[in-house]
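Open the model in your viewer and keep the sequence panel beside it. This tour goes from one selection to the next.

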Amino acid sequence: MVANESLSSARAEFTHAFNHAVPGILPEALEALLTKANYNGTSSADKSRIVNARAILPEKWDAISRAMPVHLVQLLDRSITTAYSTFRPASALGQATELALLDSSTFETTLRFNEMTQNFRDKAGQALLDLNIRIAVLFGQDDIRERENPFRPYLLARCVFLAVEEQKLLPDTEAILIEQLGETMAGTMAGIYEAANGALERQGISANLALKISKAPESQQTRNPVAGQQGGFAGSGGPGGSGGSGAAGGQGAYSTMQAGIFPGAQGAQGQAQVQNQGAFPAAQQTVMASPSVRLEQLFQTVRGKPLSLPAATPVLAQSAASSMQAAASNPFAGMPPPDVSPASAGPAWLTGSSALGGVLRQAFGETAPVSPHRDKHTAGSIPFTAMDNAPSSSANAGNHGRTGQFAHSGLPASVGAGSSDQIQVPAALVASHLQNIESQLKQRADAQSLPPEMSMGLSKVLGQMHKVMVPDSASMKDGQGEIRNLIREQKDALYSLAKDTEEQMSIDLVAMLFEVMLCDELVPFNTRISLGRLQFLILQLALKEKNLLSDSKHPARLLLNRICSIAYSAQQIGDVDNHVTEEIARIIKTLMRHDSEVPELFSRIQNRFETFIARELRTNNQQIHRTVKALGEAEIRFMRFACIAVAISKAMPKVHVEMSFRSFLRTEWVRAIEVAERTDALLARRYRLLVPDLLWSVFPKLDNDDRNLLSSMLPNMVGTLRHGMDLMELEKPKQQKLLNWLAEAHSNALRPPADSKKPQGLSLPAMHERFEQFTNQPDTIEHSEVHHYEFARELYQLGVFGELGLRARMLDKEVQKQVPPAEGVIAVDNPAEPELNPAYLERIVCGALIDIKTEKLNTKACLRWVDPNLIYVVLSMKGDEFPAVLSIRVLCEMLDSGKLRFIEDEPLFERAIHTLLKSADEVDNVRV
């Protein structure tokens, strides 16, 4: 009677809180759908479906909002009568234990329902846990089971599904509305469950349960199978023992699938009766030659664990009785994967005599042995700060320790206790279900003469697993605080779907790569978690595109390499960390919604990411932004200077004048023309026309007409010359020196010649004709001609910096020994620039971290901007407020001399491959 009154009170509060929360769902859901539709990462087709769903939701909302409370009443009536009762209704997947075919839509709906229920559970948090305890106390139970809670999240999720399904909408629209309403309603869960808790608390029912100690089998260690055997089997006493291989609480049946142990490594499980019998050298050698053991040792090595010899006796002492015992404890043990020999034989792609390093080197397209200095702990890698991974709390450790058993579906620990509301999807059942779908589709393909690729093979299965079976970020850590290797956890199911040895090999290779990448210290921990959630997607891509593992230019590799590099760089430089983290999160969210069947998925995302990074690193810091703009303006001015200088140089070769005057016209006067062109086109043309006039004026005049013409032109020419020299701010001593030389030259030109037979120079019209292209045609320049005028580039940069009041360090002078030019001489005929090393240019990208060590400079820096013309880079140096400018030519020279190096010696994928090959060679070299 007391229980009924308490439940009635809690039900009233629970129902009232739910009904109060429903009206507020609509505006938030509409806003969220609009945000999703406007998101750049959403495909056009998805945007169209979201917009249609958003338009339909207001029309159907009255019916949906009325239906949800009605369904809640019906579900509560049933749940209250079955609390802590033995009667349970069958579920959709619960009927599939005979491995019957399920419709794909039913399967996807089931997984979507699981996801919503789990989201409600997560948002309810401690309030739901307290309510579970209070219900157990109310019914006088010793154990806490959410399934017995009549107010469990399952009911609320069911309300949403039933209310939307009643509207008879299109499947796509229905799925979008269900998902969005579930996401929006999740925010109200804490309040709803707090209301129910409050009602029970007022009845005197506390959230405290008496502690009772009961013996339970120890959980297996997923990362170290050797340690797991020692801890998990020591207490087993034979068939009747409670070892880790037994069915503990209904979950042990899947332990061999979820323990993360490759075939062969689990052959020692369930053999506790021979665990301590000892091992013989020959037996040890046999075990060491086992491909599965060598693979497991490889995983230990790349995880940084000492190489150890597993116990040989259990593998050698297998018998028919132990096999039957293992089969009895595992109902799915009778489903051997195709093309795989018994467990101890290991994967078919690696024979006992093959060298691991050689096989992997061939698979990854490597030809040379791995240098002992090329690994993830390379001595040349000098990070800004030490990378310390935050240890997980004890609470999280306990939670993730249980999650591993249900890793395939991403379900949390609270689901693992045998809840039938949360429909379980064991790995073997998933494999069987998808195999049945594949068989049916294949029959249709054969009947309709469709190509084989239309059937649903392992690749399509992985696409579905990637979309619906990947844990959220919070569930990606295991009990030891390490990031879970989802492929290893699902290896048995994936192996059972592989059509040949080549696909099995791809499964193992990608699992090995992720084992290395997920503990790479040059990648921030949160980014590694995001990377770990893409494992099924990358495996699907590796099966579809065989060059993924061997081609360093593959778009997927380039994108993931870039994301991880930028994440580390952003963490070090600090000022862009938040924006970069948000952009990476958007990319991961986009990738989680798609699979590798989307054309050019990775290349399109990478192009957008590169654009974002270039803009963010350039504009986030005001000093960097202004420096880049100043360099752009300086480059425009310099290129105009070079064009004018080339044009005047092409017209002057046959005009023989004094060298200093020629140099003045080709450099200083060109600067005057360039300055005039920025403000006054007519003045710039006057300056151009002055060049042939000045050259004609310094040659001797043999007749009176030329002398009279020169006399009349001199005042205007000298006035224009003075004006131009003042405009370009030429020093007064240089101006006076030039004017003195011209005065003497003009005096000589106007003096009648002593020898009347001396040949006369070009006439004024002829001189103007020679400079016709310079004075009247647009200037053009070849790239190969620019290097002749490199001396002026820095002058323009310093000029623009001075105009804008910018303080930027010009590192070329600081890191190189400068040879001062001869007094009064400006060299313009420099030799051709040497070709830049393409290998260097590939790594000179925005966001790259470098370490500079010279006599005058010892610092670390980040490339914030790289000139598209590959001329300069702008750096932000650690501890320096102002940016620095360094030419790419000098940067490459410093790389050659060892004065500069990249902190990230190799991209992520390449580091992982070389670390894996080095570890494989170590395993191959082990001698017993």
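Select glutamate 600. This residue sits in the loop between helix 25 (577-593) and helix 26 (601-619). Helices here are DSSP runs of H or I, at least four residues, numbered from the N terminus. Check the backbone: phi of glutamate 600 is near 55°, a positive value in a residue other than glycine. Glutamate 600 counts as exposed, at 58% relative accessibility. The terms run as follows: buried is under 20% relative accessible area, exposed is over 50%, and partly exposed is in between (1.4 Å probe, protein chains only).

A word on the source: this is a predicted model, where local features need pLDDT of at least 70, side-chain atom pairs count only at pLDDT 80 or more, and totals for chains, interfaces and linings use all residues. Residues are numbered from 1 along each chain as its sequence is written, and side-chain values use heavy atoms, leaving out hydrogens and water.

Next, select lysine 168. Look in the loop between helix 6 (153-165) and helix 7 (171-186). Phi of lysine 168 is near 55°, a positive value in a non-glycine residue. Lysine 168 is exposed, with 73% relative accessibility.

Now go to arginine 662, in helix 28 (residues 659-666). Buried or exposed is arginine 662? Arginine 662 is buried, at a relative accessible area of 13%. Show its neighbours: arginine 662 touches Met652, Pro653, Val655, His656 and Val657, leaving aside residues up to four places away in sequence. Contact means heavy atoms within 4.5 Å. Finish with a distance: a polar atom of the arginine 662 side chain lies 3.3 Å from the backbone oxygen of methionine 652.

How values were computed: Helix = DSSP H or I, 4+ residues; strand = E, 2+ residues; numbered from the N terminus. Polar contact = N/O pair within 3.5 Å; in protein donor to acceptor, adjacent residues only side chain to side chain.
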